[in-house]
Amino acid sequence: MNICIIGSGYVGLVSGACFAEVGHHVTCVDNDQRKIDALLAGKVPIYEPGLEELIHQNVSAKRLQFTTSTAEGVSNAEVVFIAVPTPPQPDGSVDLSYIEKVAREIAAVLQPGQYRVIVDKSTVPVKTGEKVADTIRRYNKTGAEFDVVSNPEFLREGCAVSDLMKPDRIVIGGNSERAIALMQKIYEPFLAPVLVTDINSAELIKHAANSFLALKISYINAVAQICEASGANVEKVADGIGMDRRIGRNFLNAGIGYGGSCFPKDIAAFIAISENLGVPFTLLKEVQRINRTQRDRFIAKVREALWVLKDKKIAVWGLTFKPDTDDVRSSVAVELVNDLVAEGADVTVYDPKGTEKALEFKLIEGAKTASSPLEAARDAEALIIATEWKPFAAVDLAALKSIMHTPLLFDGRNLLDPETARSFGFTYTSIGRE
Ligand code: NAD
């Protein structure tokens, strides 16, 4: 099938590459000229395992192309996906201006006699599909035929390609049989379970799913606080809870909290949506509160050990919101670095993939950067692990200890084994375990 994707970021670009991989012809559109120029020059603007190879293969096979022109993308495509940002506003509600703008842009290029399915893949509040359809109707003067479908995306950055190629489920929300049939045809090669719903339910599924995952993280973090107060071990507790198949072990890792471009904004959005509908989802406010507490409690532990943070040389490993990505948006690691800098600490950071973006977007002003974990830790009076990158667990602990000024190790992601770290002479502190 011929597909157009508007917005070629983490969701749009990876989706486009995967649709091309299963045989569809895909045009990825983006209004960021630099991004499209890079893609046309064979450079992939984001880091995602396996993505670069996938893009190169499918460009060579002439199944994947890039343009800044919405008109060009929409003219050949039976199905047009919208994958633009839906950032939070200061009150937590969703800024839908990108979606509205794209709806108008699509409306301006729809032609009579052509039927198009417009698919919302961005994460949007329930009832946005209705507004997109109204907008297209209002701005298209030709009476062109179209249907709007909701198809939320559940990929995880860091394993987005495999998530898209082998999804747990595909949710298609629509009110038109014709549109749903085309969507099913697109997804047929993925051999995944498909759940067909109305548009409102599909939109709600995404916010409800992300909020539930965040709730699981805050739940185990609250349990970790109780473990710290009682001397229990949160990892053993999580194992014991997670072995129950009704609960599952995933998303039960205690740490300094969730971050990233999705969870914080989606939970805030779901709270705002529920309030607007007159049914405030107050449980989610507690999820947010616990999340914030985790970082504060962690910094308090560092402060307690160092007494005063001002002028202390602190190394931080990790900037990305999770491993295997270069995404530093709303990363707890970045927020932690900024908290330390704000207290006057002399911070040096290292991240395998995220430093460039953190510097480009001026997210860590006041901190120094290093090109290896050991270089960051040289002469440090404390080391913090803020993101659970696998290479950090493989660092030579003897070399690390010899290079640091004081062997104080704060593991915000429970990445290392406490006994091992202590056996190398570190004073080791982690989350919810002794
Ligand atoms: P992103 O910022 O990486 O990409 C969005 C792209 O849209 C950018 O390249 C931007 O230049 C482009 N864009 C903006 N306005 C445009 C326009 N008018 N025309 C063409 N291009 C335009 O964002 P993302 O992380 O891919 O997220 C997109 C949506 O998907 C959001 O709603 C997000 O919540 C949702 N989502 C994200 C993830 C994730 O892990 N990143 C997972 C599931 C869902």
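I started with Arg34 and Glu360, whose side chains meet in a salt bridge at 3.8 Å, N to O. Arg34 belongs to helix α2 (residues 33-40) and Glu360 to helix α14 (residues 355-360), so this pair ties together parts that are 326 residues apart in sequence. A reminder to myself: I am working on a predicted model.

How exposed are the two partners? Arg34 is exposed, with a relative accessible area of 63%. Glu360 is partly exposed, at 41%.

Next I asked how many salt bridges a search of the whole structure finds. The count came back as 25. The general idea is friendly enough: side chains of opposite charge can pair when their charged atoms come close.

**Second pair**

I then looked up Asp239 and Arg249, and their side chains form a salt bridge at 2.7 Å, N to O. Asp239 sits in helix α10 (residues 234-242), while Arg249 is in the loop between α10 and α11 (263-276), so the pair ties together parts that are 10 residues apart in sequence. Both accessibilities went into my notes: Asp239 is partly exposed at 31%, and Arg249 is partly exposed at 26%.

**Third pair**

My next stop was Lys285 with Glu275, a salt bridge of 3.2 Å, N to O. Here Lys285 lies in helix α12 (residues 283-306) and Glu275 in helix α11, so parts that are 10 residues apart in sequence are tied together. Lys285 is partly exposed, with a relative accessible area of 43%. Glu275 is partly exposed too, with 39%.

I also noted a network: salt bridges that share partners join Glu157, Asp327 and Arg329.

**A walk along α12**

Since Lys285 had brought me to α12, I stayed there for a while. The helix has 24 residues, and I get 35 Å from its first C-alpha to its last. That is close to the 34 Å expected at 1.5 Å a residue.

Which residues of α12 are buried? My list includes Leu284, Val287, Ile290 and Asn291.

What does the backbone do just after α12? Trp307 takes a positive phi there, of about 70 degrees. I closed the notebook on that residue.

How values were computed: Residues numbered from 1 in each chain as written. Predicted model: local features only at pLDDT ≥ 70, side-chain atom pairs only at ≥ 80, totals over all residues. Heavy atoms only, no water. Salt bridge = Lys/Arg side-chain N within 4 Å of Asp/Glu carboxyl O. Helix = DSSP H or I, 4+ residues; strand = E, 2+ residues; numbered from the N terminus. Buried < 20%, exposed > 50% of the residue type's maximum accessible area, 1.4 Å probe, protein only. Expected span 1.5 Å × (residues − 1).
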